[in-house]
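Hi there,

Here is the structure I said I'd pass on to you.

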Amino acid sequence: MKKQIFEGFGEESYVLATMPNGLEIYIMEKPQYSSSYAIYGTRYGSIDTRFSKDGGEMLTVPEGIAHYLEHKLFEGEDGDAFSKYAKTGASANAFTSFDRTCYLFSCSDNFYENLDILLSFVQAPYFTPENVEKEQGIIGQEIRMYDDNPGWRVMFNLLKGMYHNHPVRIDIAGTVESIAQIDAPLLYKCYETFYNPSNMFICLVGNIDTDKTLKQIEKSIIDKPAVEITRGEFQEPQTIVKPYVEQCLAVNTPMFCLGFKQKINSPHRRLKSKICVDLLLQIICGDASPLYARLMNEGLINDDFDSEYFNGNGYAAVIFEGESCDPERVAQEIKAEISRLREEGVNKKLFSAVKCAMYGDLVRRFNSVENLAMSLTECAMCGYSLFDEIKMVKSVSYDDVMKRFDIFDNDNAVLSVIKPLED
Amino acid sequence: MSAKITKLSNGAEGVFIKNDRFNTTSISFNFYVPLQKETAAEYALLPFVMTTCSKDYPDFSALNFKLAKLYGANLSASAEKVGDFQMLKIAISTIDDRFALDNESLCDSATELLTQLIFEPKAENGAFCEEDVAREKRKAIEHIRGDLAQKRIYAKKRLIEEMYKGEAYGVAKCGTEEDVEKITGQSLFAAWQKLLSTAFLRVNVISRSMPQGLFDKISEKFESITRENIVDCTYSAPTKAIDKPNTVIEQMDIAQGKLCMGFSSELYGEDAAALTVMCDIFGGGPYSRLFTNVREKYSLCYYCASGAVKSKGLITVDSGIEKENATKAEKEILNQLDIMKQNLFTDEEFQSSIKSITDSFKSYNDSQGLLDAWYSLKIVKDKLISPEEAVQEILNVTRNDVVYTARGVKLHTVYKLLPNDKEVGK
């Protein structure tokens, strides 16, 4: 097993061990803590609907299958994982996002026993026609629950307005119709492709012993030859589908998402570009910015207003979201402010203040075993080290950030609005 | 880990929770006032106005700029319902001085800022600035109206309103839209004065070392304020059992329905550990009766969970249901409660629950947020209960205690939010 030690911030350090089969194991000891946090993840999410394994034929699978698989993996031949965790007292969960599926637990006692449960059930799929069929009802209800969630709808309506073909436009859980096509053989196909050690990672943080943990993992991992995964390319034009999308739901105040689709030439996510865009967003509309003050004082936004750099394999966009009595006016104001800053430049004092704030946020992250485990997951997905961000934030220059204005193209902007139902 | 109380003034105390695992220092001011229809909106607005500006930082851009320079110090405000009381929280968290890049004393600056926000607000001639008040009123109203967008929260709120009509606990934690509308700069200033003179105050500090002089400084600030008729927030009235449960049904343009049920419990009070365990076996974790039966075995809902408010002797169940399953789900939830009463739950369920609750309490010392919530929600006369002590209380609960507690639980109100018959969202 290959081991690398990363040190970089105060006394903090972690180990990245890579097994010969490709499994990456990140371990950060926090001996002064009472609890621990574990994540076992695969680089497989809702957007991986077209793929081939080991150079075989390109397969297209139903939307929502990664999330379906996550649900089903909890159910083993010898009972479900939750009932095993119930004996140890751990709190367990899982999630599927666009690009990853993660199984996790947190606990104060019985860490090694819990790790055994996690390693066992993720490696022991048990899909039968009956148990796959049974899940349709529960996931169908989950999908319907999201249909009533305006915060979720406003976001996916935006993605549908921005993306023609890329599967990021589809709900992570799929649709009632798409999940009806899922059966046990399909689930096994996806499992055998993406749940291979070479495509997976384990992130552990807390009151744990690195050597003991690595030995336990080495013993438990079922060795499999590495697979070669080819992910389907999506013919995604650089243009948007339509500039405005609207839906009516039971809300009192309209909700909005304003997205700027970014033209991308490479699927790689660069840390520097992420940090620069995050800083730029704070400068444009963070709570110390002139735009934020104006929108707030004019009654156009409230504390729900936020912005993010949304990016992954084959997609990238800047998104502003919130509640407003006049979403179109907010969109105009944001666009006008971007043009103004692009021409006039950014207040250097504000630039240095938002840099300070971002550094503080990164220091804060080391307080929580959960945040650290999640951050290590990000490292596993994007290939950078936990300490790179802090170093990068310190070194980013004013000019670096100014260059990022190029991602805003008004021709590629989409406004998604949820309006109240009419009586 | 240790927590120590220091008396700051009449009815005002500081609690220092020494914890050396964090990179940050967290300080929170928690004011407790009676929850009343007449004052709820005004008190709830105060922390928000007080955290947007102060004498030295007259607008929120200046204040937020200062916070960013303090390495993104987190300043937060909230109003919560704690039994029959409102808890108004103003808190700041800042990274420790040892991480400052220019050797600044961040902790001193943060405590200075926080005390100024609380004791020296931006006000003139006995009134807060109308512009600030108007902005925060507008946000508060949007926040109240925003509950409708989150159906799970909305349904639970409606259940509580129905259960506690005319009682303190039935008052919304941030008041009503109409009450917010009535607030003026002057009335809010009067509420601030009353808050400082009558509210019970607990200041929580969680850090590796006590910020120098902070408690003395707060004591000094109080010297010029007459502290009298201090609120006693250690007792809330228990939920009254009723003979004939109420059912309330509302319809809305939604895809999925919500079913909420409220129960009274004969056992109540902050020290009612058996109620915590009983409620957890009933509908806490994935090992609970409600999860394994109502959701997993019978597929009657996507989620179905119970929660207890110990000070009120209240148990609530909330679930997401399809309209056609509403009656079946309701019956099955009651059936599961009967199983608890008849001592028919398994030993495994009992043990799972004890393990899960104690495991979770043990992790509280790993989070400043959880510790702050713990010490601000556990308001019991003259003593501090630590998470470690609470673990022991849970371990002392027996199976018999759980059955006995379950037998004192009685259905009070059923609230259903159901989809209209027409299609939605088109």
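Let's start with a sheet in chain A: three strands form an open sheet in the order S6-S5-S12, with antiparallel pairing. Strands here are DSSP runs of E with at least two residues, helices are runs of H or I with at least four, and both are numbered from the N terminus. Two strands pair if DSSP finds at least two bridges between them. At the edges of this sheet sit S6 (59–60) and S12 (229–231) of chain A, each pairing on one side only. Strand S5 (residues 50–53) of chain A is joined to S12(A) by three bridges, and A:Phe51 has A:Arg231 as its bridge partner in S12(A).

A quick note on ground rules: this is a predicted model, so local features need pLDDT of at least 70 and side-chain atom pairs count only at pLDDT 80 or more, while totals for chains, interfaces and linings use all residues. Residues are numbered from 1 along each chain as its sequence is written, and chains are lettered from A and ligands numbered from 1 in the order in which they are written.

Next, the domains of chain A. The assignment (automatic or from a database) gives domain 1 (2–231) and domain 2 (244–420). Their C-alpha centres lie 27 Å apart. The contact takes 39 residues from domain 1 of chain A and 32 residues from domain 2 of chain A; residues are in contact if their C-beta atoms, placed from the backbone, lie within 7 Å. On the domain 1 side, H5(A) gives the largest share, 10 residues.

Chain B is assigned domain 1 (2–223) and domain 2 (246–419), with 29 Å between their C-alpha centres. Here 30 residues of domain 1 of chain B touch 25 residues of domain 2 of chain B. Again, the largest share of the domain 1 side comes from a helix: H5(B), with eight residues.

Finally, which two helices of chain A cross at roughly 125°? They are H9 (residues 271–285) and H12 (residues 348–365), and their axes come within 9 Å. Axes are lines fitted to C-alpha atoms over the stretch in contact, with angles from 0 to 180 degrees between N-to-C directions. H9(A) and H12(A) are therefore oblique to each other (under 35 degrees is roughly parallel, over 145 roughly antiparallel, 65 to 115 roughly perpendicular, and the rest oblique). Among the residues making the contact are A:Leu279 of H9(A) and A:Phe351 of H12(A).

Cheers

Definitions and conventions: Contact = placed C-beta atoms within 7 Å.
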